[in-house]
Amino acid sequence: MSDNPYLAHLEPHQRGTGSSEGGAPFDGWIARKVDGKQVEKAMDGTTNPFTLRPHSKRYMDILKLRKNLPVHQQMSEFIEMFQSSQFTVMVGETGSGKTTQIPQYVAYADLPHLRRPGLQVACTQPRRVAAMSVAKRVADEMDVSLGDEVGYSIRFEDCTSPKTFLKYMTDGMLLREAMNDHMLSRYSTVILDEAHERTLATDILMGLLKDIAKRRPDLKIVVMSATLDAAKFQNYFFGAPLLKVPGRTFSVEVFYTPEPEPDYLEAAIRTVLMIHQAEGEGDILVFLTGEEEIEDACRKISMEADNLPHSIGPLRAIPLYSSLPPQQQQKIFDKAPAPRTPDGPPGRKVVISTNIAETSLTIDGIVYVVDPGFSKQKIYNPRIRVESLLVSPISKASAQQRAGRAGRTRPGKCFRLYTESDFVKELEEQTYPEILRCNLASVILELKKLGIDDLVHFDYMDPPAPETVMRALELLNYLAAFDDEGNLTPLGDLMSTFPLEPQLAKMLIVSPEFKCSNEILSIAAMLSVPNPYLRPNSQRKEADEAKAQFAHPHGDHLSLLNLYHAYRTNPDSQWCWANYVSFRAMQQADNVRNQLKRSMEKMDLDLVSTAFEDKSYYDNIRRALTCGFFMHVAHREGDKNGYTTVKDNQIVGLHPSNGLDNNPEWVLYNEFVLTTRNFIRTVTEVRPEWLLEYAADYYDVKTFPQGETRRALERVMQGGKKSSGSKSGGDEGRERKKRKKDKSGR
DNA sequence: GAGCACTGC
């Protein structure tokens with residue numbers, strides 16, 4: 001056996017050991033330990049142990065920088081800890097180098113005892129861009145081509161090869177893989193990065209890995225977090241050892257207001273102008289909660305800045321939020337405006353942003369941060385089954401993250417628009433994990449597919465409210481994804497394979513029976529992307545007119561289909577621009593549609609259409625919609641435009657963005673939005689007969705409370721009896737007459 | 001007659 005552990009993997013007697021064919025797959029693997037010195041030697045050596053090619057000069061240059069990172073000081077300590085424990089918790093603040101270095105250390109430690117050819121190290125990230133950019137950087141650091149030994153895997157893009165042993169990927173992607181491989185058997189080590197963000201996928205992966213680890217003693221798990229809640233992770237992972245690495249950022253001086261600010265928007269604007277007039281050079285970053293607020297603030301700041309004396313430099317306000325076209329988002333990287341005169345005072349830019357600048361986007365040159373202490377957060381109300389966005393106070397961790405944005409390039413200042421005592425006493429330590437704030441229908445379906453039988457006692461780091469789990473189970477049972485015993489049905493199994501909400505998956509799966517799977521594919525894709533209709537403030541009328549071209553009188557789902565078809569005949573940005581349509585959203589919809597289509601083909605679900613000339617073309621589509629969304633139905637009550645949701649009895653209005661040509665008695669909706677009032681958005685007319693036919697259990701009239709909805713259903717049932725024999729024909733006739741009357745009545 | 005925090009499959 002070679003003395004060099006990094007050449008040992010070439011020896012056939014080792015490579016062959018523990019092959020997964022036959023016998024227990026994870027027994028008998030050779031586990032040779034390495035230490036920090038050996039790794040250091042391998043890093044400095046002339047041969048790259050991963051490729052057996054000589055190290056390039058560029059590699060050596062980058063290596064010098066790597067050795068300057070704080071985390072490098074603790075490489076030996078990490079490797080020792082990693083090899084002696086199945087779980088390791090690692091805390092490294094911004095600038096520690098953990099995301100790029102730790103996975104490489106793991107690769108050096110796992111390589112000498114490569115237990116099976118093809119075994120990989122996975123490092124998860126909450127965001128796609130991070131997975132891609134970090135993989136690129138690490139490929140450079142390791143002197144390999146991206147996609148060969150080091151790669152990444154995100155939705156729509158798999159940049160890996162059979163040679164890949166270090167793979168950066170989104171957490172959601174690893175979760176998807178786990179659904180087909182419950183043991184995650186292709187990985188020797190899984191590293192969960194940014195675990196403090198507590199995304200839905202990371203939380204589920206943590207519970208899952210804890211479970212898998214029992215059956216795979218060879219599997220190692222590293223959990224990396226940026227904040228100081230490490231004890232919680234340690235406790236959760238059986239008292240795992242902890243490694244702390246200091247960060248490397250510049251100091252940020254934090255200021256609080258002496259008194260609470262009654263109007264944070266006004267205070268934020270005032271603070272920006274104050275900084276601009278009184279503080280030294282450097283750009284400003286302001287955190288606000290949403291698009292409207294941000295545009296408003298930009299206008300006001302620009303106005304105020306124009307009124308300042310010329311002894312003060314120019315100030316340019318730049319908005320930043322996710323629905324902004326990429327071209328406009330790029331403006332945050334523009335230089336600050338030039339002085340008004342060659343020897344005048346320097347200009348300054350102020351970026352007014354949502355939370356997107358907290359983690360997803362980094363702007364260099366920010367020296368001042370203004371933090372009013374709020375963000376929009378999702379909350380779920382299981383009682384009425386509604387998710388909504390609420391402006392809420394941020395957590396201490398989030399405030400710290402925001403402040404850190406001022407210290408990336410040099411020492412900075414952070415102005416918090418709340419009192420120090422509020423910060424200490426009122427703010428939560430951590431932001432509530434997502435799993436406690438959302439509808440769990442897809443999560444519960446996924447867990448079942450992951451082989452978790454006892455959903456209530458699954459080892460959640462923070463268990464969701466039992467009522468939320470119950471709501472999810474109930475929904476899945478009505479959709480026939482779970483049987484009455486809570487077991488996954490074949491339909492549920494099929495549903496779980498689609499990256500869609502259960503309702504959307506259901507309508508897609510039944511769509512071939514209604515001869516409209518091609519169309520439902522398009523609708524499902526359109527519903528999976530952000531709102532495709534653009535409506536700039538200055539051109540609302542034009543935008544509304546453009547949107548009206550696609551409107552279908554029977555509903556917004558059908559309008560989305562029209563829009564998709566129109567785009568397919570003109571799939572270019574010019575056409576989108578001219579029609580007030582988001583090109584980005586349409587491209588995304590195309591991507592999603594292709595992915596869903598591939599799944600349909602794999603599952604042997606037919607891709608079919610009803611002939612467009614056939615008068616049942618649109619009805620077939622609406623019937624398929626009904627099969628997925630019968631729990632999202634509202635009934636018009638009284639003569640007014642008010643609707644009441646079925647079963648939950650919430651009073652709602654049609655969202656003004658709807659394109660219906662009247663107020664139909666029964667509608668199904670895609671989402672319930674809670675803003676100034678309750679609205680149902682993306683709405684399509686539905687026939688009550690379909691509800692009774694396709695969701696007989698849910699629409700069992702006996703279970704309805706006395707009220708208008710129940711009486712209406714009873715009328716439908718009686719009507720159905722009378723006209724039996726020519727059922728659908730009779731309905732068609734009535735519907736047409738009714739519509740005609742509604743129109744003429746205006 | 002009003003809005004879309006941010007991610008992810």
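Two strands count as paired here if DSSP finds at least two bridges between them. Keep that in mind as you open this predicted model.

**Stop 1: a pair of strands.** Select residues 283-287, strand β10, and residues 348-353, strand β12. The two run parallel, with four bridges joining them. For one of those links, click on Ile284: its bridge partner in β12 is Val350.

**Stop 2: the whole sheet.** Now widen the selection to the six strands of this open sheet, which go β9-β16-β13-β10-β12-β11 and pair in parallel fashion. At the edges you'll find β9 (252-256) and β11 (315-320), each pairing on one side only. Ignoring direction, neighbouring strands are turned by 20° against each other on average.

**Stop 3**

**Stop 4: DNA strand B.** Show everything around DNA strand B: 31 residues surround it, and the closest are Ser322, Lys376, Asn531, Thr675 and Arg681. By class, that surface has twelve polar, ten charged and nine nonpolar residues.

Which part of the DNA faces the protein?

- Thr170: a side-chain N or O atom is 3.0 Å from a phosphate oxygen.
- Glu291: a polar backbone atom is 2.9 Å from a phosphate oxygen.
- Arg535: a side-chain N or O atom is 2.8 Å from a base nitrogen.

Finish by colouring α7 (171-180), β14 (374-381) and β21 (678-685), the elements that give two or more residues to this surface. α7 gives the most, with three.

Key
Residues numbered from 1 in each chain as written. Chains lettered and ligands numbered in written order. Predicted model: local features only at pLDDT ≥ 70, side-chain atom pairs only at ≥ 80, totals over all residues. Heavy atoms only, no water. Axes fitted to C-alpha atoms, helices over the stretch in contact; angles between N-to-C directions. Near = heavy atom within 4 Å. Polar contact = N/O pair within 3.5 Å; in protein donor to acceptor, adjacent residues only side chain to side chain. Nonpolar A, V, L, I, M, F, W, Y, C, P; charged D, E, K, R; others polar.
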